[in-house]
Amino acid sequence: MSLPRRSTFFHYKPPLTEKNLPSQQGKVFIITGASSGIGKELASILYAHHAKIYLATRAEAKTNAVIDEIRRLNPQNPRSGFLARESRLDVLWNNAAVMVPPKGSVSVQGHELQFAVNNLGHFLFTKLLHPLLVKTANSEGAAGRRGTVRVIWVSSSAADHVAIPAIDFSNMDYRRRGEGIWSMYARSKAGNVLQAVEYARRVGEEGVLSLTLNPGNFLTGLQKTMPRWQVFLFKLVAQDPKNGAYSELFAGLDESITQADNGGWVSPYGKLESVREDLLDPVLGKRFWEWCEEKVRDFM
């Protein structure tokens with residue numbers, strides 16, 4: 001297990017916030033898991049700067065309440081649908097997640113819940129949206145500014161502490177042998193890094209930029225199934241979730257990031273750093289990508 005990055009606890013000053021973000025008029029964004037926490041904060045900032053945003057969530061009533069709240073705070077853009085109505089997508093934030101659910105939790109398809117939500121769901125979503133991302137990257141407005149069309153895979157500091165190898169393909173459902181709740185979470189977050197790096201390898205020449213990040217430490221809906229004593233300790237290092245939105249804002253929109261940074265890692269609250277070396281392994285990245293492809297094939 002590696003030592004924590006300094007930036008896990010001593011965060012960089014955010015270079016991009018609601019105070020200096022330029023107008024996003026004409027841009028189209030998708031944020032998964034935006035009905036609470038960091039995703040909600042990010043949506044509110046982008047909406048206030050005239051972006052068109054789609055919130056991809058599971059709870060419609062809760063999401064509608066969030067949309068109404070954001071619109072009350074920032075009265076402007078109308079709401080609408082997506083692929084049938086949109087001809088571009090500038091940034092996809094794969095932000096949704098579950099963390100340490102009750103042991104044995106699985107998706108409807110029978111996959112371990114953290115792999116299902118944190119990895120397979122975002123993988124399928126990105127694959128389905130990929131043609132539109134490429135179209136946007138090569139459109140007249142974006143072609144001269146390569147690196148502005150991006151997919152952001154939200155990971156965690158847990159990815160820095162995952163076991164080696166990060167993915168145990170002989171035990172993907174954890175039925176052969178059990179693992180601790182945090183080890184299982186860390187593997188799914190390492191999976192986000194592998195996905196970001198492998199996607200960068202595969203689509204870099206098509207003009208789409210892929211990044212992963214650690215947003216920081218925050219108390220959000222993610223901790224609802226965490227043991228209470230761990231929640232108490234977590235509160236000691238937790239920050240305002242808006243800071244996590246700054247991390248994602250930097251990754252998705254900062255102009256200092258270029259195509260040369262494709263497959264990179266962003267530390268809180270907006271600083272490019274290196275990806276953990278073993279998570280750059282092309283053999284591991286390819287194998288995890290192909291595992292994801294196999295699991296979502298019936299839905300494509």
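**Burial, backbone and cavities in a predicted model**

Me: Which relative accessible area makes His-50 partly exposed?

Reply: This is a predicted model, in which local features need pLDDT of at least 70 and side-chain atom pairs count only at pLDDT 80 or more, while totals for chains, interfaces and linings use all residues. Residues are numbered from 1 along each chain as its sequence is written, and side-chain values use heavy atoms, with hydrogens and water left out. Buried means under 20% relative accessible area and exposed over 50%, with partly exposed in between (1.4 Å probe, protein chains only). His-50 is therefore partly exposed, its relative accessible area being 34%.

Me: Where does His-50 lie, and what is its phi?

Reply: Helices (H or I, at least four residues) and strands (E, at least two) are DSSP runs, numbered from the N terminus. His-50 belongs to the loop between helix 1 (37–48) and strand 2 (52–56). Its phi is positive in a residue other than glycine, with a value near 70 degrees.

Me: Is Val-100 buried or exposed?

Reply: Val-100 is placed in the loop between strand 3 and helix 3. Although not a glycine, Val-100 has a positive phi of about 40 degrees. Its relative accessible area is 3%, so Val-100 is buried.

Me: How many cavities of 30 Å³ or more does a search of the whole structure find, and what is the volume of the largest cavity?

Reply: On a 1 Å grid over the protein atoms alone, a cavity is a set of points where a 1.4 Å probe fits but cannot get out, and lining residues have an atom within 4 Å of a point. Grid points are joined across faces, edges and corners, and a volume is the space filled by probe spheres set on the points. Val-100, Pro-101 and Met-184 are among the residues that line the largest cavity. The search finds one cavity of 30 Å³ or more, and the volume of the largest cavity is about 60 Å³.

Me: Which residues of helix 5 are buried?

Reply: Helix 5 spans residues 228–235. Seen down its axis, the buried residues fall within an arc of 105 degrees (taken from the directions from the helix axis to the C-beta atoms), so they line one face of the helix. On the other side, Arg-228, Trp-229, Phe-232 and Lys-235 are exposed. The buried residues are Gln-230, Val-231 and Phe-234.

Me: Against which helix do the buried residues of helix 5 pack?

Reply: Contact means heavy atoms within 4.5 Å. The buried residues of helix 5 pack against helix 4 (181–203).

Me: Which residues does Leu-133 touch, not counting residues up to four places away in sequence?

Reply: Leu-133 is found in helix 3. With a relative accessible area of 0%, Leu-133 is buried. Not counting residues up to four places away in sequence, Leu-133 touches Leu-89, Val-149, Arg-150, Val-151, Tyr-199 and Val-208.

Me: How far apart in space are Ala-97 and Thr-32, C-alpha to C-alpha?

Reply: Ala-97 is part of the loop between strand 3 (91–94) and helix 3. Ala-97 is partly exposed, with a relative accessible area of 24%. Ala-97 and Thr-32 are 65 residues apart in sequence, whereas their C-alpha to C-alpha separation in space is 8.7 Å.

Me: Which residue does a cis peptide bond join to Ile-164?

Reply: The residue lies in the loop between strand 4 (150–154) and helix 4. Omega of the cis bond is about 0 degrees, and the residue joined to Ile-164 is Pro-165.

Definitions and conventions: 1 Å grid on protein atoms, 1.4 Å probe; cavity = no way out; pocket = protein on both sides within 12 Å on 5 of 7 lines; lining within 4 Å.
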